[in-house]
Amino acid sequence: MPLSEQEQRLLDEMERHLLHNDADVVSAPSGDRTLSYRNLVYGALLLLAGIGGLIFGVILGDQWGIVVGVIGFAAMLAGVMLAVTPVRRTGPAEPRSRTAPQRKDSSSFMDRMNDRWDRRHDGR
């Protein structure tokens, strides 16, 4: 059942609003700090080593086990802190536009969704 003119205008307005808000989220200024892939990897490895140390400390069970467990816990904590701590960007920050992304085609959102739905169900 086709949409009335008022419903189509409302849908187009909602789509423009959504695209505008998504563009705002994507282009929101994040300052000069960002997460580092290298720190994420090193943090994950340190976290895994800490878990291993904690398990080994539980297996030992004596006074040395407590020491190894505490060191393992500290390594886990340091790994998480390393992984989630942002680092300063070294390159110049690129200016981001606050405009909505341009579309490649002129079809409406609902037309594209209907086409995807039809393709999905025709391919059964």
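Trainee: How many helices and strands does the protein chain have?

Mentor: This is a predicted model, and its protein chain contains four helices and two strands. Read from the N terminus on, the elements follow the order α-β-α-α-β-α.

Trainee: What share of the contacts joins residues 24 or more positions apart?

Mentor: Among contacts in the protein chain with a separation of 6 or more, 78% are between residues 24 or more positions apart.

Trainee: What percentage of the 124 residues is buried?

Mentor: Buried residues account for 15% of the 124 residues in the protein chain. The accessible surface amounts to about 10,300 Å², and carbon and sulfur atoms contribute 64% of that area.

Trainee: Is Asn-39 buried or exposed?

Mentor: The term buried applies under 20% relative accessible area. Asn-39 has a relative accessible area of 16%, so this residue is buried. Asn-39 belongs to helix H2, which spans residues 37–60.

Trainee: Which residues are in contact with Asn-39, leaving aside its neighbours within four places in sequence?

Mentor: With those neighbours set aside, Asn-39 is in contact with Leu-82, Ala-83, Thr-85 and Val-87.

Trainee: Let us turn to charged side chains. How many salt bridges are there?

Mentor: Side chains of opposite charge can pair when their charged atoms come close. The cut-off here is 4 Å between a side-chain nitrogen of Lys or Arg and a carboxyl oxygen of Asp or Glu, and by this rule the count is two salt bridges. In one of them, the side chains of Glu-5 and Arg-9 meet with an N to O distance of 3.9 Å.

Trainee: Why are Glu-5 and Arg-9 separated by about one helical turn?

Mentor: Glu-5 and Arg-9 are four residues apart in helix H1 (residues 5–26), which means that about one helical turn separates them. Glu-5 is exposed, at 64% relative accessible area, and Arg-9 is exposed as well, at 52%.

Trainee: Which residue forms a salt bridge with Arg-112?

Mentor: The partner of Arg-112 is Glu-15, and their closest N and O atoms are 3.9 Å apart. Because Arg-112 lies in helix H4 and Glu-15 in helix H1, the pair ties together parts that are 97 residues apart in sequence. Arg-112 is partly exposed, with a relative accessible area of 24%, whereas Glu-15 is buried, at 9%.

Trainee: Which residues form the negative surface patch?

Mentor: A patch of this kind joins like charges on residues without a salt bridge. Here the negative patch consists of Asp-111, Asp-115, Asp-118 and Asp-122. Asp-115 is located in helix H4, residues 109–122, and counts as partly exposed because its relative accessibility is 43%.

Trainee: Which residues make the nonpolar surface patch?

Mentor: Leu-35, Tyr-37, Leu-40, Val-41, Tyr-42, Leu-45, Leu-48, Ile-51, Ile-55 and Ile-59 make a nonpolar surface patch of about 1,000 Å². One of these residues, Val-41, is placed in helix H2. With a relative accessible area of 32%, Val-41 is partly exposed.

Definitions and conventions. Residues are numbered from 1 along each chain as its sequence is written. This is a predicted model: local features need pLDDT of at least 70, side-chain atom pairs count only at pLDDT 80 or more; totals for chains, interfaces and linings use all residues. Side-chain values use heavy atoms; hydrogens and water are left out. Patches are made of residues with over 30% relative accessible area and no salt bridge: like charges are joined within 9 Å, nonpolar side chains (Val, Leu, Ile, Met, Phe, Trp, Tyr) within 5 Å. Accessible areas come from the Shrake-Rupley method with a 1.4 Å probe; for residues, only the protein chains shown count as cover. Lys and Arg count as positive and Asp and Glu as negative; His and the chain ends are not counted. The place of a charge is taken as NZ of Lys, CZ of Arg, CG of Asp or CD of Glu. Buried means under 20% relative accessible area, exposed over 50%, partly exposed in between (1.4 Å probe, protein chains only). Contact means heavy atoms within 4.5 Å.
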